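Here's a quick briefing to read with the model open beside you.

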Amino acid sequence: MNLKTFNGKRYVFCLIRKKYYLLTKEELVRQKIIYYLIKNRGYKVQEIYVELNSSFYNIKNRIDILVLKNNRPFIIVECKSPEIKISSKSFDQIMKYYLRFKSQYLVLTNGIKNIIFELKNNGIEFLKKIPKNIF
């Protein structure tokens, strides 16, 4: 990751948004997931959207990470700071995003715990890793 210090504060360069952001705990989690998606799972920078503003039934949301495949929502990632436990509130939040975008996979992470799942007709299938981008 590309880091720099300005006025005593640390900043990280976001490959997707093409600028530096204050290095908060949540931003560090977000950037680690972005790097993982690109370097380990084969997704392209052009397929990833970060902090995407969205509105659904007049409720404004900001999705941490949305990955498109064939121009369709494929993965939604909700990032939390490491000290925030993944809870039913986190699950409710990502499900609101799912209702709007109908992505195939959903990921909840606080950088320590990762919950990766796919909603299927017969329920939820939990995965150990985010699926690779298969061309």
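What follows is a short tour, grouped by topic.

This is a predicted model, so local features need pLDDT of at least 70, side-chain atom pairs count only at pLDDT 80 or more, and totals for chains, interfaces and linings use all residues. Numbering starts from 1 along each chain as its sequence is written, and side-chain values use heavy atoms, leaving out hydrogens and water.

**Helix H1**
- Helices (H or I, at least four residues) and strands (E, at least two) are DSSP runs, numbered from the N terminus.
- The ends of H1 (residues 25–40) check out: its end C-alpha atoms are 22 Å apart, which agrees with the 22 Å its 16 residues should span at 1.5 Å a residue (1.5 Å times one less than the number of residues).
- Buried residues (under 20% relative accessible area, 1.4 Å probe, protein chains only) in H1 include Val29, Ile33, Ile34 and Leu37.
- Gly42, with a positive phi near 85°, follows H1.

**Hairpins**
- S7 (residues 105–109) and S8 (residues 114–120) pair antiparallel over five bridges; pairing takes at least two DSSP bridges.
- Four residues separate S7 from S8 in their hairpin, and Gly111 in that turn has a positive phi of about 85°.
- S8 also runs antiparallel to S9 (residues 123–127), again with five bridges, and Phe117 has Phe126 as its bridge partner.

Methods: Buried means under 20% relative accessible area, exposed over 50%, partly exposed in between (1.4 Å probe, protein chains only).
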